[in-house]
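Student: I would like to learn how to read a few local features from a set of coordinates. Could you take me through some cases?

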Amino acid sequence: QVHLVESGGGLVQAGGSLRLSCAASGAINSIKAMGWYRQAPGERREQVAVITSEQTTVYAESVKGRFTASRDNAGNTFYLQMNMLKPEDTAVYYCNAEYYIDYWAETWGQGTQVTVSS
């Protein structure tokens, strides 16, 4: 199995930056794709960025040009660099991993709060 732990959330003013980290443990070599999602109060969880198994990165339109997702060379830490933050970016951010160990599965981190003040 794969276990994920996020860190790096907090309170920042509009226009500021934050970097989220997602540390993976367990069967990390089985991870095929990793992604960041967010959920604002009263809203559905939405995809922010995904690094696919082909090592391509897909971003939501709302964050293109401002957010950058990356993964370290060891493959066990996933980052989301968030620049030019806006109040509408306020949400709980979750990292997600899809992995294959004889079967497909996915796992989620516990979430980290990001609050952007105007």
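Predicted model: local features only at pLDDT ≥ 70, side-chain atom pairs only at ≥ 80, totals over all residues.

Student: How many aromatic pairs does the structure hold?

Tutor: A pair of aromatic rings is described by the distance of the centres and the angle of the planes. The structure holds four such pairs. In one of them, tryptophan 36 and phenylalanine 78 are stacked, with 5.6 Å centre to centre and 15 degrees between the planes. Tryptophan 36 is in strand β4 and phenylalanine 78 in strand β8, 42 residues apart, and the pair links these distant parts of the chain.

Student: Is tryptophan 36 buried or exposed?

Tutor: The cut-off for buried is under 20% relative accessible area. Tryptophan 36 has 0%, so it counts as buried. Phenylalanine 78 is also at 0% and therefore buried.

Student: Which geometry do tyrosine 94 and tryptophan 108 show?

Tutor: Tyrosine 94 and tryptophan 108 are edge-to-face, at 6.5 Å centre to centre and 85 degrees between the planes. Tyrosine 94 belongs to strand β9 and tryptophan 108 to strand β10, 14 residues apart. Tyrosine 94 is buried at 14% relative accessible area, whereas tryptophan 108 is partly exposed at 32%. Ring pairs also join Tyr37 to Tyr94 and Trp108 in a cluster.

Student: Which charged end sits over the ring of tyrosine 94?

Tutor: That of arginine 45, 3.8 Å from the centre of the tyrosine 94 ring. The charged end of arginine 45 also sits over the ring of tryptophan 108, 4.6 Å from its centre.

Student: What does the side chain of arginine 38 contact?

Tutor: Arginine 38 lies in strand β4 and is buried, with a relative accessible area of 6%. Its side chain makes a polar contact of 2.6 Å with that of glutamate 46 and another of 3.4 Å with that of serine 62. Beyond four places in sequence, arginine 38 is in contact with residues including Phe67, Asp89 and Tyr93.

Student: Where is serine 30?

Tutor: Serine 30 is in the loop between β3 and β4. Serine 30 is buried, at 9% relative accessible area. A polar atom of its side chain lies 2.5 Å from the backbone oxygen of alanine 27. Its contacts beyond four places in sequence are Val2, Glu98, Tyr99, Tyr100 and Ile101.

Student: In which sense do β7 and β8 pair?

Tutor: β7 and β8 pair in the antiparallel sense over five bridges. Threonine 68 has glutamine 81 in β8 as its bridge partner. Five residues lie between the strands of this hairpin, and glycine 75 takes a positive phi near 80 degrees.

Note on methods
Residues numbered from 1 in each chain as written. Heavy atoms only, no water. Helix = DSSP H or I, 4+ residues; strand = E, 2+ residues; numbered from the N terminus. Buried < 20%, exposed > 50% of the residue type's maximum accessible area, 1.4 Å probe, protein only. Polar contact = N/O pair within 3.5 Å; in protein donor to acceptor, adjacent residues only side chain to side chain. Contact = heavy atoms within 4.5 Å. Pairing = 2+ DSSP bridges. Phe/Tyr/Trp six-rings, centres within 6.5 Å; stacked < 30°, edge-to-face > 60°. Lys NZ or Arg CZ within 6 Å of the ring centre and 35° of its normal.
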